[in-house]
Amino acid sequence: MNMIDFKSLETELRDRLRRIDRWRRVVRALSVVVYLLVFAWLLFVLLGGMLLARLGWEDYDMLPRVIVPVFIGLVLLSFLLSYSLITFQNQECAAMRSVMQALFPQVSFSFSSEVDSGLLAGSRLFTASYGDPALGVDGYGEIELGYGNDRLHVADVGISYGWMNRWQAHPVLGYVVFVYRFVLRPVFAWRSESSAHNFRGMFGWCRTERRYEGDILVLPDHLEDKAGYLAGNIQALRKRFNTRLVKLEDPEFERRFVVYADSEVAARMVLTPAMMRRMRELRDAMGRDLMFSFSKGDFYYAASMPEGFLRLRPGRLQEGKMLERLYKDISLACRVADELRVNKLFADKA
């Protein structure tokens, strides 16, 4: 395999990448202004009457002269935000295609592929019970490797689940969810397309030669005791399908992961000392929390990447390490099934 000259490739794309980075900054600035104005507008609609009464403003004829220009300005800024976001996304997608062609010419790569919510539910990584509503899923790109039933898929996904999905259909609470997801969160999120999701990152799956008894979940250990992403779901795993905590005799592994399974015997058969060592090595190599799931004849894995998995990473351009880091993340994500030897095809190649 030929070594990739990241420096030359990044130099070749530098002007293009800088232009994308400038559009990113424009989108960020406009997003903050527009969403703050929208939030202020909502407050005024809900509480404006009381505020004006408290201030003693009785000349209501002046109100349209103030509100109309503000409303027109908000509409114009919203248009500029929409135009900037579309331009930024189109330029980033075009650049990402060029980067993928240069770094991974052997893989099938698409921005149009969609990940089925049933597939994500089948992984058991994002649901706490059968009673959960269907997961909301947005796809931002997908990689495919292999042939036929042995194909490995790795996607960049945004997933919404939990209380917001349960409340968004409520006639009153749905309005609160809308304001929170699409007005408040974008103000504080680095990427507007990530802000509405509970999870944004890498999700991979493949069929295996082996069928597993029940579900076996390997999750980051520290999430069990923290509020936030997946914490509530992890607490609910004990009650789901008789899933129970499985203690293993590997202190290094248990410092990084916690295991839940329907069958302790099945979990121990899958999580051999060699398998646990490979999982530790993968987690350390990626420098991110990893989640694994073995269910029937399928293997799933995921990692949180708020900046996006198949996206150009902000902040790395100035360091000259953006493409190198992107290559490392994608190549490691494509080798997870290979490294863990989860089926005959990948084991033969290892």
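**Chatting through the model**

Student: Hi! Where is the place of E142?

Tutor: Hello! E142 sits in strand β2, which covers residues 136–145. Keep in mind as we go that this is a predicted model.

Student: Is E142 buried or exposed?

Tutor: E142 is buried, and yet it has no salt bridge. The nearest side chain of opposite charge belongs to R151, and that is 7.3 Å away.

Student: Which side chain does E142 join in a polar contact?

Tutor: That would be H153: the side chains of E142 and H153 are joined by a polar contact of 2.9 Å.

Student: And what else is E142 in contact with, leaving aside its neighbours within four places in sequence?

Tutor: Quite a few residues. The contacts of E142 include S108, F109, S110, S113 and V115. H153 turns up again here, along with V154, A155, W205 and L310.

Student: Let me zoom out. How many helices and strands does the protein have?

Tutor: There are 12 helices and nine strands. The protein has 350 residues, and 47% of them count as buried. Also, if you take the contacts between residues at least 6 apart in sequence, 71% join residues at least 24 apart.

Student: What about the confidence? What does the pLDDT average?

Tutor: The average pLDDT is 78, and 72% of the residues score at least 70.

Student: Where is confidence lowest, and where is it highest?

Tutor: The lowest is helix α12, residues 344–349, with a mean of 43. The highest is strand β9, residues 298–304, at 93. There is also a stretch at residues 224–232 where the pLDDT is below 50; beyond near neighbours in sequence, that stretch has 17 contacts in the model. Residues 345–350 stay under 50 as well, and the model has nine contacts for them beyond four places in sequence.

Student: OK, β9 then. Why is β9 largely enclosed by the rest of the structure?

Tutor: Because six of its seven residues are buried.

Student: Which strands do bridges join to β9?

Tutor: Strand β4, residues 199–207, runs antiparallel to β9 and is joined to it by seven bridges. Strand β8, residues 290–295, is also antiparallel to β9, with six bridges.

Student: Switching topic: how many salt bridges does the structure hold?

Tutor: It holds 21. One to look at is between the side chains of R25 and D21, at 3.4 Å from N to O. R25 and D21 both lie in helix α1, residues 6–55, four residues apart, or about one turn of the helix.

Student: Are R25 and D21 buried or exposed?

Tutor: One of each! R25 has 53% relative accessibility, so it counts as exposed. D21 has a relative accessible area of 9%, so it is buried.

Student: Which pair links distant parts of the chain?

Tutor: The side chains of R311 and E92 meet in a salt bridge of 3.5 Å, N to O. R311 is in the loop between β9 and α10, E92 is in helix α2, and they are 219 residues apart. R311 is buried at 8%, and E92 is buried at 1% relative accessible area.

Student: Which residues are linked with R311 and E92 in a network of salt bridges?

Tutor: D21, R24 and R25 are linked with E92 and R311 in that network.

Methods: Residues numbered from 1 in each chain as written. Predicted model: local features only at pLDDT ≥ 70, side-chain atom pairs only at ≥ 80, totals over all residues. Heavy atoms only, no water. pLDDT = per-residue confidence, 0-100. Helix = DSSP H or I, 4+ residues; strand = E, 2+ residues; numbered from the N terminus. Contact = heavy atoms within 4.5 Å. Buried < 20%, exposed > 50% of the residue type's maximum accessible area, 1.4 Å probe, protein only. Lys, Arg positive; Asp, Glu negative; His and termini not counted. Salt bridge = Lys/Arg side-chain N within 4 Å of Asp/Glu carboxyl O. Polar contact = N/O pair within 3.5 Å; in protein donor to acceptor, adjacent residues only side chain to side chain. Pairing = 2+ DSSP bridges.
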